[in-house]
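Q: I am new to this one and would like a guided tour. Could we go through it together?

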Amino acid sequence: MSTEQEPTTPQDELSQALPPEQPEVDDHAAALDELQDRWRRALADLDNLRKRHAKELDAVRNEERARTAAAWLPVVDNLDLALTHAGSDPSAVVEGVKAVRDQAVDVLRRLGYPRYEETGVPFDPAVHEVVGTVDDPAAEPNTVVQVMRPGYGEGRRQLRPAAVMVSKRQE
């Protein structure tokens, strides 16, 4: 007989060192399986919620885009009407274009972007963009004396600042 033994692997040694599985280990494995299943379901629910939210957000964006475009349709219609009458009385055309401009400004106001073009107010970099300065002794320094291009919006909902001329400091 030979005294030679088969070579053992670390796995064999580990299985020999551990006692046979007990019912307690089976309970832990079952609990672990249940937790893993619940975790996978929660991940799937979260992914479904994310996808549903993205679809709803896209639908809301499309509805808002359509509502905004519909608000501009009367303005476009009136511009078309003004163009058809371009050959008639020039003063009537000018009045019509002014009316269309007023209508467009009203659409912007209803969408939450009111027009502002005040003069004589202190310069505010949050709502004004300086395009030039003038030496006006009648105006206080750093006061808006002329609006070159009106601004639209207010606070954090500003489309653009008003382009203004500001009085210089008098020295």
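Predicted model: local features only at pLDDT ≥ 70, side-chain atom pairs only at ≥ 80, totals over all residues.

Q: How many helices and strands does the chain have?

A: The chain has three helices and six strands. Helices (H or I, at least four residues) and strands (E, at least two) are DSSP runs, numbered from the N terminus.

Q: And in what order do the elements run from the N terminus?

A: The order is α-α-α-β-β-β-β-β-β.

Q: What share of the residues counts as buried?

A: Of the 171 residues in the chain, 16% count as buried. Buried means under 20% relative accessible area, exposed means over 50%, and partly exposed is in between, with a 1.4 Å probe and protein chains only.

Q: What about the accessible surface of the chain?

A: The accessible surface comes to about 13,700 Å², and 55% of that belongs to carbon and sulfur atoms. Such areas come from the Shrake-Rupley method with a 1.4 Å probe; for residues, only the protein chains shown count as cover.

Q: Which strands form a sheet?

A: Three strands form an open sheet in the order S2-S6-S3, with mixed pairing. Strand S2 (128-134) and strand S3 (144-149) are the edge strands, each pairing on one side only. From one strand to the next, the twist averages 30°. Two strands pair if DSSP finds at least two bridges between them. For the angles, axes are lines fitted to C-alpha atoms, for helices over the stretch in contact, and angles run from 0 to 180 degrees between N-to-C directions.

Q: In which sense do S2 and S6 pair, parallel or antiparallel?

A: S2 and strand S6 (residues 162-167) pair in the parallel sense, over six bridges. Val-130 stands opposite Val-164 in S6.

Q: Staying with strand S2, is His-128 buried or exposed?

A: His-128, which is in strand S2, counts as buried because its relative accessibility is 7%.

Q: What does His-128 touch?

A: Not counting residues up to four places away in sequence, His-128 touches Val-121, Pro-122, Phe-123, Val-144, Pro-161, Ala-162 and Val-164. Contact means heavy atoms within 4.5 Å.

Q: Changing topic, where is Tyr-113?

A: Tyr-113 is in the loop between helix H3 (90-110) and strand S1 (115-116). Leaving aside neighbours within four places in sequence, Tyr-113 is in contact with Leu-108, Tyr-152, Gly-153, Arg-157 and Leu-159.

Q: How far apart are Tyr-113 and Tyr-152?

A: Tyr-113 and Tyr-152 are 39 residues apart in sequence, while their C-alpha atoms are 5.3 Å apart in space. For the chain, among contacts between residues at least 6 apart in sequence, 62% join residues at least 24 apart.

Q: How many salt bridges does the structure hold?

A: The structure holds 10 salt bridges. A salt bridge is a side-chain nitrogen of Lys or Arg within 4 Å of a carboxyl oxygen of Asp or Glu.

Q: Which side chain meets Arg-41 in a salt bridge?

A: The side chain of Asp-37 does, at 3.1 Å, N to O. Both residues lie in helix H2 (residues 23-84), four residues apart, about one turn of the helix. Arg-41 counts as exposed because its relative accessibility is 55%, whereas Asp-37, at 35%, counts as partly exposed.

Q: What about Glu-56 and Arg-52?

A: Glu-56 and Arg-52 form a salt bridge, with the closest N and O atoms 3.9 Å apart. They are four residues apart in helix H2, so about one helical turn separates them. Glu-56 is partly exposed, with a relative accessible area of 45%, and Arg-52 is partly exposed, with 47%.

Q: Which residues form the nonpolar patch on the surface?

A: Trp-39, Leu-43, Leu-46 and Leu-49 form that patch, with about 430 Å² of accessible area together. Patches are made of residues with over 30% relative accessible area and no salt bridge; like charges are joined within 9 Å, and nonpolar side chains (Val, Leu, Ile, Met, Phe, Trp, Tyr) within 5 Å. Leu-46 is in helix H2 and is exposed, with a relative accessible area of 54%.

Technical notes. Residues numbered from 1 in each chain as written. Heavy atoms only, no water.
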